[in-house]
Amino acid sequence: MQPTSRKPSSYEIFPYAGHVAYFSMEIAINPAMPTYSGGLGMLAGDTLRSAADLSIPLVAFTLLHRKGYFQQHLSPNGVQTETVQPWNPADFCVEEPARVTVLIEDRIVTARAWRYDIQGRFGHVVPIYLLDTDLEVNTGWDRGLTDHLYGGDENYRMQQEIVLGMGGVRMANALGLRVNVYHMNEGHASLLTLALLERQLCGGPLRAATETDIEHVRRQCVFTTHTPVPAGHDRFSTEQSIRILGGERTARLQQLGCFKDGMFNMTLLALRFSRYANAVAMQHGKVSRPMFPEYAIDTITNGVHAPTWISEPVQLMLNEHIPAWQRDNLYLRNAIDLPEAEILAAHARAKEELLAEVGSRTGVVLSPKVLTLGFARRAATYKRASLLFTDTERLAAIARAAGGLQILFAGKAHPHDGPGKAIIQQVVEEAARLSNDSLRILYLENYDWGLGAKLTAGVDVWVNTPRRPYEASGTSGMKAALNGVPSLSILDGWWIEGCIEGVTGWAIEDGANDQEEAESLYRKLESAVVPLYLDAPEKWARLMRTTLAFNGSYFNTNRMVKQYNRNAYYPQPLLQHAKVEEPVLVE
Ligand SMILES: *Cc1c(COP(=O)(O)O)cnc(C)c1O
C-alpha cells in the first residue's frame, strides 16, 4: 500500500524541514555572559529556553558583545560609573569555521559566528550564533563593531545592525540552514529583509525588485515590536543611510515607504517586509496600531521562562504537588490548591536567600519578618523610581504602622542617560535620609540576571510605577508572580491583563499627574497591602497561591512560544482548510 497522497500543507512541511531564525540585538543566554542589557534580552533568552523545552526547530542570531553592556558602580551618594565586562567566548561557545562578509561604507567587513547550544528539557537543542567581527582581515574600527551592546553613536549602531541583519542572513546560508521564517525581535534586525531581497535578486540591482520579489521576502518574515512611543523606534538620518548603506539602497528604501519624518525608520522597514507583526501586551497593541495605521498588528503577550525564574524552594514545592508543571506550565493553575503553610515556608526560604545576599553586598542586616517591597528595573525616567518618595512623611508613617518596612531598589541607567542617572542619585539620597529603625531603604548595585532572580522571588510585594503608556509589557512582575509574589503596579503593559484586585495584587489607579498616582500608591499600601500583611498569615498565603495559579500559569514563555508558533511562524487556518484539502487515499 502506498502512503496517502495529498498536497502537503505548509503546516506539515515547516515544522520538520526547516527552522525559524530568531534575530535579536541582545539575548540573555547565560548569567555569566554579559550579552544583554535588560528586558528585551531577557525575553529573547527566555523565548529560546522555552523553544528548546518545546522542541521547536529554531536557531538564533545575535552579536557577540565582547565587552558586554557594562558593570555598574555606585558611589556612596549614588553617582553611577561604568566599567566594561570583557569575557572570553571560547569559555562558553564553539567557533564555527564559516565566514561571511557585509558591505559597510564601501568597506568589506568579515564576520564569523560562535555557537552556543541551549538544551531543552527533553534534549532538543536551540543553537545561538553570536556574530563577531574581531578578525585580522578587518580594520581596527571594524574589529570593534561587535564589542559593545548599545555603545557608541548612531553610526556605530547602524553598522552593528548591518552585521546583525545582513550578516546574520548570510551566516544562516553559509551554515547550510534551511530557514522558513525570519523573526525580527524588535527593529534592530530589520536590515535582514534587505539581505533577503538582494538574495532574491541574485546580485541584480535593487531598483529591479518587483512586487513579487518583495512578496517573496514578506512571506518569510515576522516582526515583534517592543516600543510603545514613536521616539523609541530606531531611526537613522538620510545622510547616514546613504553613507553607510549606500545611495541605491537608501533610494529604494525611501520609495518603499521605510522613511518617516525624513528619517530611515527600522520599524517601518520591518513592517513593510513582514507578513505578520505583533505587539507584546494587549495594551501595547492598542497603542501601536495608531502609530502604524497602515499595518495590521496582532498581540502576543510576553512571558518568562518558569524554570529560570521560580526559586528553588518554590520549585521543590511545585514538584511535590504539581509535577506536571515542568512539562506544561498550564498545570500551574492547580497552584490554587497548594497547602498554605508550604507556600509560606517556600517563600520564607527565598526571602532568607535574598536577605543573605543583601547582607553580603551591603553589610545591612534586614529582618525576614518585615514587609519587604522590591523595585528593580532600568533607571529610565518614565519608570519613576522616585514616585514612592513623593510624600516621605506619609511613607515613614506607613512604615511605622506596618511594624517596619524594607524597600529594595536596583537598576542601571544607560551610560548616556543623564536624567536616568539623576534618578538613581535621588533614590540613593532619599534612602540615606529616610532610613531609620522602622524604614530601611537600600539601592543595590549592578542589577542583573542573578540579582533579578533573587529579588523577584524573595520580596513580599513587587512594585512598578511606570508612566502610562510607556511600559510596553514589563516582565519582572511576571517573575514575581511565578514565585507567588503579588504586584502593586500602575495599570500599564502586562499588568492590565494580570491584575485581579486583591487576588493577584493591587492596581495603582490612574491619576492626572504623578502626585495623584503617588496618592493612590500610598492609599493601597495603607488600606490593602499593610493590613493584609499584618492579618493572619493564611490570608497572605491565599493571595500568593492565587497569584501563582492565575498569573504563573499564563505569563510564561511556554504559553507565549506556543502562540508564536501557531499565530506567527506557522499559522494554521485548519478549520477553514480542512474541508477543502480532504486527504485522498490511493490504493
Ligand atoms: C526581567 C528583567 C528585566 C525586565 O524587567 P521589566 O519589568 O521589563 O523592567 C530587566 N533587567 C533584568 C536584569 C531582568 O531580569
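A residue is here termed exposed when its relative accessible area is over 50%, and buried when that value is under 20%. In the predicted model, helix 6, which spans residues 211–218, has Asp213, Ile214 and Val217 as its buried residues. These residues lie on the same side of helix 6, because the arc that they cover around the axis is only 95°. Glu211 and Thr212, by contrast, are exposed on the other side of helix 6. The cover over the buried residues of helix 6 includes helix 5 (192–200) and strand 10 (221–224), together with helix 8 (247–255) and helix 9 (266–272).

An open sheet is formed by three strands in the order 11-13-12, with antiparallel pairing. Two bridges join strand 12 to strand 13 (residues 263–265) in the antiparallel sense, and lysine 260 is placed opposite methionine 263 of strand 13.

The ligand is surrounded by 13 residues, of which the closest are Lys383, Gly474, Thr475, Ser476 and Lys479. Oxygen atoms of the ligand lie 3.1 Å from a side-chain N or O atom of lysine 383, 3.2 Å from a backbone N or O atom of threonine 475 and 2.5 Å from a side-chain N or O atom of serine 476. Of the 390 Å² of accessible area that the ligand has on its own, the protein covers 94%. Helix 2 (39–53) and helix 17 (476–482) are the elements that contribute two or more residues to the shell around the ligand.

Conventions. Residues numbered from 1 in each chain as written. Predicted model: local features only at pLDDT ≥ 70, side-chain atom pairs only at ≥ 80, totals over all residues. Heavy atoms only, no water. Buried < 20%, exposed > 50% of the residue type's maximum accessible area, 1.4 Å probe, protein only. Helix = DSSP H or I, 4+ residues; strand = E, 2+ residues; numbered from the N terminus. Arc of directions from axis to C-beta. Contact = heavy atoms within 4.5 Å. Pairing = 2+ DSSP bridges. Near = heavy atom within 4 Å. Polar contact = N/O pair within 3.5 Å; in protein donor to acceptor, adjacent residues only side chain to side chain. Areas by Shrake-Rupley, 256 points an atom, 1.4 Å probe, with all protein chains shown as cover.
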